[in-house]
Structures are given as C-alpha cells and as structure tokens.
Amino acid sequence: MLYKMRRHVSNFTDETMEFTRKMLERSGVGPVTYLSNGLLMDPPDMCIARAREEAENVLFGVLDMLLAKNGVDPAEVSIVVTNCCAFSPALSLSATIVNRYKMKEDVFSYNLSGMGCSGSLIAVGLAKELLQVHENTYALIVSTENVTENFYQGNNRAMLLINCLFRVGAAAILLSNRSSDRRLFRISFLTVRTCTASSDRSYNCIFQEEDNEGIRGITVAKDLLVAAFGSVEANLTALGPLILPVSEKLLFVTNCLMRKLYFDNVKPYIPNFRGSIIHFYSHVGGKPVLNEMQKGLRMSKGDMEASRMTLYRRGNTSSSSIWYGLGYGEAKGRIKKGDRVWQIAFGSGFKCSSIIRHALRSVEAREMANPWTNEIDEFPVDLNAADWPYALVSSH
C-alpha cells in the first residue's frame, strides 16, 4: 500500500518512505488492520465523499449490530452523542444517524469534534449527565475517527506518525436509566475527567496545521509523552480518592506532604491501582505509550494484554480503541459479576478521562457477537515473532 501511495503522491521523498517503513515496524501495529476504501483505491481518493463513506460504513455497521443485539427500537432513543476528532462535516455525524434511523423529532443530538482520543469517554460522561435529567430512556454514543480525509501527503516527520498508527474503527455504546434494563445491561460506572489545556506544552503537542509546503496534517510534538502523562497524573490524582483503599491513600498523602514540605528530591509515589481494579483497558496510542502506561501505573504484562492486542490487530482507532480492548476481555470470558473495570483514555488538549465500571453480571466467552468473536482463540500473539511486512484490509 505504501508503494502504491508513492506512485500517486508525488510529494513523498525516498527519505519519507524509509522513515514511514521504520515507524510501521516499530509501532506495535500488526500485519492485518483496516484502512478506508478511498485510501486503497488506485489512485487513492481522499475527497469528502469518500471520507463520509468511510464514516457511514463503520457507524451504521456498529449501530445495526448494537440495536439488534439489545432489541432496541431507534424510536426509543432520546439522546445521541457522536464524537470524531478530525472529521466534522455538515451535516454532522449525529444528524446523519438521526436521519438514517428515523429517530423521533425531540431527540437530543450532540456532535463532538476536536476532542482527541479521549473523546469517547467524554461523550459517555456527557450522556450520563443527560440521563440524570431525562428519565426512563436510552442514550446512544457513537465514536469513530476518519483516516480518509486526514492522510498526510507531505514529508514533515512530525506529521507522518498519524499515517503510521491510525486505522479505521468505531464503537457504539448504549446507556439506559430504565429500571427494567438493569438485569440486561452489564455495567454501572463513575467517570473522572481532567484537562491540562492551560499548559502551552499540553495545548500544542497535537495540532492540526499546514506544513511549510501548505499541506495540511496533524503535528505530533516530540514531548507528547511528557504532556500525555502530565494529564494522566492529574487524572489519577482525582481518581485515587474514589477507588483506592485507605492504606494506599495514606501512602500517597504522606508522599505528597514530604515532597511539598520537606524533600524536593523525593520521587512521587505512584499508588498501586492494581489492587483496586480487576481489568485495565488503556487507549492504545502506540507502542511507546503502552510501555509508559505499564511502567508508570505498575501494571503487569497480563494487565496490558488487551490493549497491546488491540493495537496489534486494530491499530490506533482513536477514541474507540478502549472499547475494542473491553471487547477483547469480554470475548475471552474474563468479565465476571462484581469485577471492577478501569478504562482510561487521553488525547489532544491534553485531556484525560477515566471510567470505573462495575460488572452487574458475568459475560461468558462468545456470549455475544463482538469484533473479536471469530478470532479470539488466535490471541494473544507473540509480538516479538509478529509477521512482516504489513497487509492492509479495506473497511468493508
């Protein structure tokens, strides 16, 4: 696919092709992922019609499955929230869904854009708050990203990372505050959100702009990981008091006091969140991001399995990646009644969101269709023995 793009994107230099090849090999993304039909055409077609086609293919696909699986009539849905960071067409994606499923005229429709890879959990938080004032109804959240319109065609290395990591994907989530659904719905939850956009470093580390040749792309700054984990630390500070046991809270407070009052050189204490949760699903980002999450949060190899396999099999699907991770755990039959599940996502801004979920019932392996069902027995794979070069599959 790279060499087909080279034939038709005359801007790509030999150095850019070599840099892209090396980035792909180091990214943690596997040999079979999904790109849009527009990018796989010969020549590639990155027009707005192809971008909308990509969005509609994945959004309608996940929605059809979700509504059928739960036996929900679209007319019963009162709240629709969509999020897609870098593709915000008119009409909006939320309006597109309302039209496709012929929802009622008083439906509350919201379209979030520019929210980065934490957008899905932000959308869930918004829907949760709306359900507190609208009784006995459903809220529908749909999360995706668009690779067709955002494929970078220049040679700025800071903008090429997006091409290497991002792939087609989407997730649909159904929330309910109907008492009759409690035995059917699998999870109750709390949300914690933080935003460090007041920091110039955080604000500028991911930015859509033109390069020196006027070619539009998304710049990823070199200090991305520093900004990202500054946001994560702020989120953990807010999350810790809500879920940590008393012993961990005391250790954390003692460390903070020592650092503030006595010893500037005392290292920050990272609480052991592993003792407070059973399952952990992080936004996949890329291989370096997952490595830092594992190290920084003191997670085990097993804790990171779902996120690493999601990156390998799906690539970075932006805000929907945490749902592919959750789907992996469900397909493995690991989610049991009473388990506490932690999903954390972070993205441009910088914004970080956490959701702590409590499973209301067990989910047996292959109990329900999800993207992993037909291939879950093939995972986990040995990432050190992964096959190269890459194969790419269309979104169909």
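Modeller: Buried means under 20% relative accessible area, exposed over 50%, and partly exposed in between, with a 1.4 Å probe and protein chains only. Helices (H or I, at least four residues) and strands (E, at least two) are DSSP runs numbered from the N terminus. This is a predicted model in which local features need pLDDT of at least 70 and side-chain atom pairs count only at pLDDT 80 or more, while totals for chains, interfaces and linings use all residues. Residues are numbered from 1 along each chain as its sequence is written, and side-chain values use heavy atoms, with hydrogens and water left out.

Colleague: How many residues of helix 12 are buried?

Modeller: In helix 12 (residues 305-314), 10 of its 10 residues are buried. Among them are Arg 308, Leu 311 and Tyr 312. The covering elements include strand 1 (32-35), strand 9 (279-282), helix 11 (287-296) and helix 13 (321-331), where contact means heavy atoms within 4.5 Å. Just after helix 12, Gly 315 takes a positive phi of about 75°.

Colleague: How is the packing of helix 11 and helix 12 described?

Modeller: Two packed helices are described by the angle between their axes and the distance between the axes. Axes are lines fitted to C-alpha atoms, for helices over the stretch in contact, and angles run from 0 to 180 degrees between N-to-C directions. Helix 11 and helix 12 pack at about 180°, their axes 11 Å apart. They are therefore roughly antiparallel, a term for angles over 145 degrees. Lys 287, Leu 290, Asn 291 and Gln 294 of helix 11 meet Ser 307, Arg 308 and Leu 311 of helix 12.

Colleague: Which residues have the most contacts inside the largest nonpolar core?

Modeller: In soluble globular proteins, nonpolar side chains tend to be buried together. A nonpolar core is a set of buried Ala, Val, Leu, Ile, Met, Phe, Trp, Tyr and Cys residues joined through side-chain atoms within 4.5 Å. The largest here has 68 residues, and those with the most contacts inside it are Met 103, Phe 280, Met 293, Trp 342 and Phe 346. A second, separate core of 35 residues includes Leu 131, Tyr 312, Tyr 324 and Val 341.

Colleague: What is the strand order of the open sheet of four strands?

Modeller: Two strands pair if DSSP finds at least two bridges between them. The order is 3-2-4-5, with mixed pairing. Strand 3 (108-112) and strand 5 (170-176) stand at the edges with a single partner strand each, so one side of each lacks a neighbour in the sheet. Strand 2 (residues 77-83) and strand 4 (residues 138-144) pair in the parallel sense over six bridges.

Definitions and conventions:
Angles under 35 degrees count as roughly parallel, over 145 as roughly antiparallel, 65 to 115 as roughly perpendicular and the rest as oblique.
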